[in-house]
Amino acid sequence: MSDVFDFSTFPTLTSDRLVLRELSPDDAADLFVWRSDPVVQKYNSEPMRAVAEAAALIEELRQEYASRTGIPWAVTLRDEGRAVGLFGFAGWERGHRRADIGYDLRRDYWGRGIATEALDAMLRFGFGAMGLNRVEAQTIADNHESVRLLGRLGFQRDGLRRSYSWEDDGTFHDGAIYGLLRDEHRVVRTE
Ligand SMILES: CC(C)(COP(=O)(O)OP(=O)(O)OC[C@H]1O[C@@H](n2cnc3c(N)ncnc32)[C@H](O)[C@@H]1OP(=O)(O)O)[C@@H](O)C(=O)NCCC(=O)NCCS
């Protein structure tokens, strides 16, 4: 594909309720709100302890964009400027037309369909402008919010990594690999 997205202009995405915009160093304090929340981080890295860690993550993700391997988006509501979620593509393999996704959202914004709407916008961009054929997500198999989100958009479980991850409850948890092919993207209604 010759007209595939080339990183020359940041791809701001919009949907009914959301604007997915470029992540800025100024988002560090907002990002810290949910990355320091032990409930949000339950199946992810240790909760952050200082805003400086959020600033470092933002810098790392901006470098991924600069090196053209990933696209991180700050999720915002149309009528609010602040970041309430971090969604993005990583590990874009152009030759294989596939990329991985990651997503997390501030806890007081859960349960409103925001992640569904944000991910739907990302997938449209991925299967459209990025020319992807496969989008992959890795999640802990009993991260129910994450698994339901993927299922709603049409992802299928492609594999299971038994006892993949040691969690706070003192046991190993399976890791699951989910995949979505371009023809399987299920358009969802979020209004
Ligand atoms: C995974 C995560 C991003 C989901 O966020 P979310 O916005 O609550 O997810 P959804 O968009 O799927 O919405 C969740 C619920 O809102 C409901 N909902 C409410 N209003 C809705 C609307 N207008 N449109 C659609 N769904 C709506 C949905 O039905 C859904 O309920 P259900 O899961 O009981 O069926 C969030 O739980 C999170 O940040 N988790 C921690 C981080 C994490 O684990 N990330 C994944 C790492 S692999």
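Q: Buried means under 20% relative accessible area, exposed over 50%, and partly exposed in between (1.4 Å probe, protein chains only); are F7 and W92 buried or exposed?
A: This is a predicted model, in which local features need pLDDT of at least 70 and side-chain atom pairs count only at pLDDT 80 or more, while totals for chains, interfaces and linings use all residues. Residues are numbered from 1 along each chain as its sequence is written, and side-chain values use heavy atoms, with hydrogens and water left out. F7 has a relative accessible area of 7%. Both F7 and W92 are buried.

Q: How many aromatic pairs does the structure hold?
A: Rings of Phe, Tyr and Trp (its six-membered ring) pair if their centres lie within 6.5 Å, and planes under 30 degrees apart count as stacked, over 60 as edge-to-face and the rest as tilted. In this structure, the number of aromatic pairs is 10.

Q: How many residues apart in sequence are the parts that the pair of F7 and W92 ties together?
A: The ring centres of F7 and W92 are 5.8 Å apart and their planes stand at 35°, so this pair is tilted. Elements here are DSSP runs numbered from the N terminus, with helices (H or I) of at least four residues and strands (E) of at least two. F7 lies in the segment before β1 (13-14) and W92 in strand β4, so the distance in sequence between the parts tied together is 85 residues.

Q: In which helix does Y65, the partner of F10, lie?
A: F10 and Y65 form a tilted aromatic pair, with 5.2 Å centre to centre and 45° between the planes, and both residues are buried. F10 lies in the segment before β1, so the pair ties together parts 55 residues apart in sequence, the other part being helix α2.

Q: Which residue lies over the face of W92?
A: W92 forms one aromatic cluster with F5, F7, F10, Y65, W73, F89 and F125. A charge sits over a ring if NZ of Lys or CZ of Arg is within 6 Å of the ring centre and within 35 degrees of the ring normal. At 4.1 Å from the ring centre of W92, the residue over its face is R94.

Q: At roughly what angle do the axes of α1 and α2 cross?
A: Axes are lines fitted to C-alpha atoms, for helices over the stretch in contact, and angles run from 0 to 180 degrees between N-to-C directions. Angles under 35 degrees count as roughly parallel, over 145 as roughly antiparallel, 65 to 115 as roughly perpendicular and the rest as oblique. The two helices are therefore roughly perpendicular to each other. Their axes come within 8 Å and cross at roughly 110°.

Q: How many charged residues has the contact of α1 with α2?
A: Contact means heavy atoms within 4.5 Å, and here it is made by A28, A29, L31, F32 and R35 of α1 with V51, A54, A55, L57 and I58 of α2. Ala, Val, Leu, Ile, Met, Phe, Trp, Tyr, Cys and Pro count as nonpolar, Asp, Glu, Lys and Arg as charged, and the others, Gly among them, as polar. The contact has 9 nonpolar residues and no polar ones, and its number of charged residues is 1.

Q: What is the relative accessibility of R35?
A: R35 is in helix α1 and, leaving aside neighbours within four places in sequence, it is in contact with Q41, S45, P47, M48, L57, L86 and D104. A29, also found in helix α1, is partly exposed at 47%. R35 counts as buried, with a relative accessibility of 15%.
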